[in-house]
Amino acid sequence: MNNGILIIAHAPLASALRQAVLHVFPDCRADVASFDVEPGAAPEVSLAGARLALAQVGAPRTLVLADVFGATPCNVAQKLVDGLTSRLVAGVNLPMLLRAVTYRHEAFDTLVTRAIAGGTQGVMQVAVTAPQNQARKHNGQGHDDYQQ
């Protein structure tokens, strides 16, 4: 059975991230839920909504992804997770989410590790003058070509 994924973030980020991942993986609709924490919402109200979203996932284990450590969505998520059937990772980004969805069939500890790796490896400075990770080769005629 699949692991579930719940995104908890400042509105409308959680829903937007879910829509982006469904664009790439339309078959994961049942495995990924989102909960947007609305501005000014009382923490108890947000926690109740997050509990409903977690129940909606319905998976035996759920990876909860929050946007910013220490912010209200993460604080709500901390009250939601139990560490056994759910785990919390803060700093969600689209590469992390795509990696998590890709490996949602793996063992739960593996899923958590791969999600974190996807999030960190997805953040990089991109060169604007040469294709990333590609060495230039000189063809001797004053033209630079990119090795493919």
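Predicted model: local features only at pLDDT ≥ 70, side-chain atom pairs only at ≥ 80, totals over all residues.

Let's begin with the pair α2 and α3. Helix α2 covers residues 43–57 and helix α3 covers residues 72–80; their axes come within 9 Å and cross at roughly 60°. The two helices are therefore oblique to each other. As for handedness, α2 and α3 make a right-handed crossing. On the α2 side, the contact is made by Pro43, Ser46, Leu47, Ala50, Arg51 and Leu54, and α3 brings Val76, Lys79 and Leu80. Sorted by class, the residues of this contact are six nonpolar, one polar and two charged.

Now for the sheet beside these helices. Four strands make up an open sheet, in the order β2-β1-β3-β4, and their pairing is parallel. At the edges stand β2 and β4 (86–90), each with a single partner strand, so one side of each has no neighbour in the sheet. From one strand to the next, the twist averages 20°. Helix α3 packs on this sheet and touches β1, β2, β3 (62–66) and β4, with its direction at about 145° to that of β1. Helix α4 (residues 94–102) also packs on the sheet, touching β1, β2, β3 and β4, and its direction makes about 165° with that of β1.

Strand β1 (residues 4–10) runs parallel to β2, and six bridges join them. Isoleucine 7 stands opposite serine 34 in β2, while alanine 9 has aspartate 36 of β2 as its bridge partner. Although β2 is an edge strand, β2 (residues 32–37) is mostly covered, with five of its six residues buried.

Helix α1 (residues 13–24) and α4 have axes that come within 10 Å and cross at roughly 50°. That makes α1 oblique to α4, and α1 passes α4 in a right-handed crossing. Here Leu17, Arg18, Ala20, Val21 and Val24 of α1 meet Leu94, Leu97, Leu98 and Val101 of α4. By class, this contact has eight nonpolar, no polar and one charged residues.

Going back to α2, the loop between α2 and β3 holds arginine 61. With 38% relative accessibility, arginine 61 counts as partly exposed. Leaving aside neighbours within four places in sequence, arginine 61 is in contact with Asn3, Gly4, Leu84, Thr85 and Phe108. The C-alpha atoms of arginine 61 and alanine 107 are separated by 9.8 Å, although the two residues are 46 residues apart along the chain.

To place all this in the whole chain: the protein has five helices and six strands, running β-α-β-α-β-α-β-α-α-β-β from the N terminus on. Of its 148 residues, 37% are buried. Among contacts with a separation of 6 or more, 61% are between residues 24 or more positions apart.

Conventions. Residues numbered from 1 in each chain as written. Heavy atoms only, no water. Axes fitted to C-alpha atoms, helices over the stretch in contact; angles between N-to-C directions. Parallel < 35°, antiparallel > 145°, perpendicular 65-115°, else oblique. Left-handed = near helix turned anticlockwise from the far one by under 90°. Contact = heavy atoms within 4.5 Å. Nonpolar A, V, L, I, M, F, W, Y, C, P; charged D, E, K, R; others polar. Buried < 20%, exposed > 50% of the residue type's maximum accessible area, 1.4 Å probe, protein only. Pairing = 2+ DSSP bridges.
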